[in-house]
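The sequence and the structure are shown first.

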Amino acid sequence: MSAGEMRGIDRYDLTDQHTISRVIKGGWQLAGGHGSVDREQALADMRAFVEAGITTMDCADIYTGVEALIGAFLSRHEAAIERGDLPAVQVHTKYVPDRDALSTLSGEGVEAIIDRSRRRLGIERLDLVQFHWWDYDVPGYVDAALHLNRLRKAGKIKHVGVTNFDAAHLGEIVDAGVPVVSNQVQYSVLDQRPEGRMVDFCARHDIDLLCYGTVAGGFLTGRYLGVPEPEHPLENRSLTKYKLIIDDFGGWALFQELLETLQAIAEKHGASIATVATRYVLQKPRVAGVIVGARNTNHLDDTVQLFDFVLDAEDLSAIEAVQERSEGPGGTVYELERIKGGRHASIMKYNLNRT
Ligand SMILES: NC(=O)c1ccc[n+]([C@@H]2O[C@H](COP(=O)([O-])OP(=O)(O)OC[C@H]3O[C@@H](n4cnc5c(N)ncnc54)[C@H](OP(=O)(O)O)[C@@H]3O)[C@@H](O)[C@H]2O)c1
C-alpha cells in the first residue's frame, strides 16, 4: 500500500469526553536509561508523531523530565493547536507513589504530586492519571484512589485510571466507588496475563486496557530474528526488562520460532514483525490502545502502517501454535513483578518520586 493509500491511525472513545489515538507515544524511553536525550530533537519528534495522527502521549510523574518535556511541547504549539493547524494532544500521566512512602500517604501528599504534574505539563485538568501501587501488602491503595477521585471531582483530573493492577485489587477500588476508566498493563504475543480474569472484569465494568510491551522493548522486531541470544549487560533498561519475559516465555529458541512465525505473517501482509506483534494486541478484546516506546522517529513510518492490515484467523492460529508451547509468563497481571526479591523486582527502581 502506498503512503497516499494509508488509513492513518484509528481513534477510540475511552469515554464520551476523551478520545485517544489507538497508538500512544510512550514516554519512558525519554526518561534516562535509553541513551541520551536531545531536548530540541525530542520536541521535534513529538510534533512528527502528532502530525502522523499519534496524538496521545503517555508519561508519568516518575519519568524524569518527561512531563516537563511534554509541557514544553504543549506550550510551544498552543497557538497552532488552537488554530487547528496541529491536532489536539491528549496526555496520560501516572501517579506512582514511592514504595517507601506507601504507608504514610495523605490526601495532601497525593494532591501535591498531582499539582506538580499539572504544573510541569501546564495543564489545568489532567486528561488521565493512571495509579500504580507497588505493594499490595501495604494497605492504602483504596484510600489513595479515593483521594484521586476527590481531585477528579475538584476538577484537577478528568479521568482516573490504574496501571499494573490485577482484577482482585482493582475490584476493591471500583467497589469503593472510583470510576476507573482504564488499566495500563503489559500485553503482547509473549505475555497474555491480562486474558481471562482481567479482561472479564474490564468487560463487566466498562474499563479499557492500554497496553505496553507490545514490541518487548524492540525484541519483537526483525533486528533479533536469527541472531544468537544476547548476553548481559543489554543495551538499555527496556531490553533488560523484556529479556526476562522471553526467558519466562520459554527461552531464546522458542522466541526465535515466534519471530519466524511473525516474519511469515509480516511478509504475507507487506508489514513488519513489530507491526504484526502490535496489531495482535490491538485486535484483542478490551484493548483500547497500545503504547509504543519511541526514542526517536526511526520507527514512525512503520508504526503508522498498523491500521493498513488485519490479522486473519490463519495468522492468529499460527501465533497460537507457538504460544501453546510457551511456559509463561504466568499468574495474574504484574504478579511476577511483585515477587519480593524476584528476578523482575530486582531490576526496578521503586523510589523515584521524591521531590
Ligand atoms: N505502566 C508501566 O509499568 C509501564 C512499563 C513500561 C512501559 N510503559 C509505557 O509504555 C511505553 C512503551 O514502553 P515499552 O516498555 O512497552 O517499550 P516497547 O514499546 O515495547 O519498546 C520500545 C522500543 O522498541 C523499538 N521499536 C518500537 N517500535 C518499533 C518498530 N516499529 N520497529 C522496530 N523497533 C521498534 C524501539 O527500540 P530502538 O529505539 O532501540 O530501535 C523502541 O525504543 C513507555 O514509554 C511507557 O510510556 C509503562
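Strand β10 supplies three residues to the shell around the ligand, the largest share. The model is predicted: local features need pLDDT of at least 70, side-chain atom pairs count only at pLDDT 80 or more, and totals for chains, interfaces and linings use all residues. Residues are numbered from 1 along each chain as its sequence is written, and side-chain values use heavy atoms, with hydrogens and water left out.

**Ligand shell**

Both β10 (287–293) and α11 (300–303) contribute at least two residues to the shell; helices (H or I, at least four residues) and strands (E, at least two) are DSSP runs numbered from the N terminus. Around the ligand there are 26 residues, and Q29, D58, G213, Y242 and H299 come nearest; a residue is near if one of its heavy atoms lies within 4 Å. By type, the shell holds nine nonpolar, 13 polar and four charged residues, with Gly counted as polar.

| Residue and atom | Ligand atom | Distance |
|---|---|---|
| Q184, polar side-chain atom | nitrogen | 3.0 Å |
| G213, backbone N or O | oxygen | 2.6 Å |
| G293, backbone N or O | oxygen | 2.8 Å |

Of the 910 Å² of accessible area that the ligand has on its own, the protein covers 91% (Shrake-Rupley method, 1.4 Å probe).

**Second largest pocket**

This pocket holds about 270 Å³ of space, a volume filled by probe spheres set on the grid points. A pocket is an open set of points on a 1 Å grid over the protein atoms alone where a 1.4 Å probe fits, with protein on both sides within 12 Å along at least five of seven lines; lining residues have an atom within 4 Å of a point. Its lining has 13 residues, with L74, E78, I81, G122 and I123 nearest the centre. Helices α2 (66–76) and α3 (78–83) each supply at least two of the lining residues.

Note on methods:
A polar contact is a pair of N or O atoms within 3.5 Å; within protein, one must be able to donate a hydrogen and the other to accept it, and residues adjacent in sequence count only if both atoms are side-chain atoms.
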